[in-house]
Amino acid sequence: MGAVMGTFSSLQTKQRRPSKDKIEDELEMTMVCHRPEGLEQLEAQTNFTKRELQVLYRGFKNECPSGAVNEETFKQIYAQFFPHGDASMYAHYLFHAFDTTQTGSVKFEDFVTALSILLRGTVHEKLRWTFNLYDINKDGYINKEEMMDIVKAIYDMMGKYTYPVLKEDTPRQHVDVFFQKMDKNKDGIVTLDEFLESCQEDDNIIRSLQLFQNVM
């Protein structure tokens, strides 16, 4: 997905291509195994323009010629950008956050919908997406074990070159602080409402949670 993100970063400066390329874009979208929804529909559902969606689609298709990516391929792509650590578990959790319909594959629509939220969504939308990422079993709550799994996966992905060097119990300490602030009624779980309230009243929590966006 890194190449697609790189493609997106150049959208604002890229020159408008001839209409021939636009026609080729549309033709390419009919040649893959999975054809995305029409660009007009995706434009209405996301915060991207039709032109931006065309550029993003080309990047996605270059890495996923079939029009969809399974978890193993997703992990292989993601691992390329974190050579000093083990990104497999974080990629696993991220994949399932993208795969909102739990089909076992991430299609272009899934990808740009999430990307739209992460890059151009409101604070509330971004926090809801983050909650879904941390809610590993999708039961509507975050428990301490789920948060520990995500945080540990992020540290594993950053690898031995993480600065400053992390102590063995750093992930646990991180999670304990999060939970102390988020679990308002001290029942051992964090609801969406508790998560939203805690994040929006404490800038430090938001900055900490933005780590996952930085390794996206």
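Of the 51 residues in the largest nonpolar core, which touch the most other members?

1. **The model.** This is a predicted model, in which local features need pLDDT of at least 70 and side-chain atom pairs count only at pLDDT 80 or more, while totals for chains, interfaces and linings use all residues. Residues are numbered from 1 along each chain as its sequence is written, and side-chain values use heavy atoms, with hydrogens and water left out.

2. **The core.** Leu 133 and Met 147 touch the most other members of the largest nonpolar core, which has 51 residues. Helix H9 (residues 144-158) gives the most to this core, with eight residues. A nonpolar core here is a set of buried Ala, Val, Leu, Ile, Met, Phe, Trp, Tyr and Cys residues joined through side-chain atoms within 4.5 Å. Buried means under 20% relative accessible area, exposed means over 50%, and partly exposed lies in between (1.4 Å probe, protein chains only).

3. **The whole chain.** The protein chain has 13 helices and four strands. Helices (H or I, at least four residues) and strands (E, at least two) are DSSP runs, numbered from the N terminus. Of the 216 residues in the protein chain, 43% are buried. Take the contacts in the protein chain with a separation of 6 or more: residues 24 or more positions apart account for 65% of them. Contact means heavy atoms within 4.5 Å.

4. **H6 against H8.** Helix H6 (residues 88-98) and helix H8 (residues 123-134) have axes that come within 9 Å and cross at roughly 125°. That angle makes H6 oblique to H8. The H6 and H8 crossing is right-handed. Axes are lines fitted to C-alpha atoms, for helices over the stretch in contact, and angles run from 0 to 180 degrees between N-to-C directions. Angles under 35 degrees count as roughly parallel, over 145 as roughly antiparallel, 65 to 115 as roughly perpendicular and the rest as oblique. A crossing is left-handed if the near helix is turned anticlockwise from the far one by less than a right angle, and right-handed if clockwise.

5. **Who meets whom in H6 and H8.** From H6 come Tyr 90, Tyr 93, Leu 94, Ala 97 and Phe 98; they meet Trp 129, Asn 132 and Leu 133 of H8. By class, this contact of H6 with H8 has seven nonpolar residues, one polar and no charged. Ala, Val, Leu, Ile, Met, Phe, Trp, Tyr, Cys and Pro count as nonpolar, Asp, Glu, Lys and Arg as charged, and the others, Gly among them, as polar.

6. **H8 against H11.** H8 also meets helix H11 (residues 192-201). Their axes come within 10 Å and cross at roughly 130°. That makes H8 oblique to H11. H8 passes H11 in a right-handed crossing. His 124, Leu 127, Arg 128, Thr 130 and Phe 131 are the H8 side; Leu 192, Phe 195, Leu 196, Cys 199 and Gln 200 are the H11 side. The contact of H8 with H11 divides into six nonpolar, three polar and one charged.

7. **Ile 150.** Is Ile 150 buried or exposed? Ile 150 sits in helix H9 and is buried, with a relative accessible area of 0%. Leaving aside neighbours within four places in sequence, Ile 150 is in contact with Tyr 93, Leu 133, Tyr 134 and Ile 136. Ile 136 is 14 residues from Ile 150 along the chain, and their C-alpha atoms are separated by 8.5 Å.

8. **Met 89.** Met 89 is in helix H6. Met 89 is partly exposed, with a relative accessible area of 38%. Met 89 and Ile 150 are 61 residues apart in sequence and 8.2 Å apart in space, C-alpha to C-alpha.

9. **Two positive phi values.** Gln 102 is not a glycine, and its phi is positive, near 55°. Gln 102 lies in the loop between H6 and strand E2 (105-107) and is partly exposed at 45% relative accessibility. Lys 138, also not a glycine, has a positive phi of about 55°. Lys 138 belongs to the loop between H8 and strand E3 (141-143). Its relative accessible area is 31%, so Lys 138 is partly exposed. Beyond neighbours within four places in sequence, Lys 138 is in contact with His 96, Asn 132 and Leu 133.
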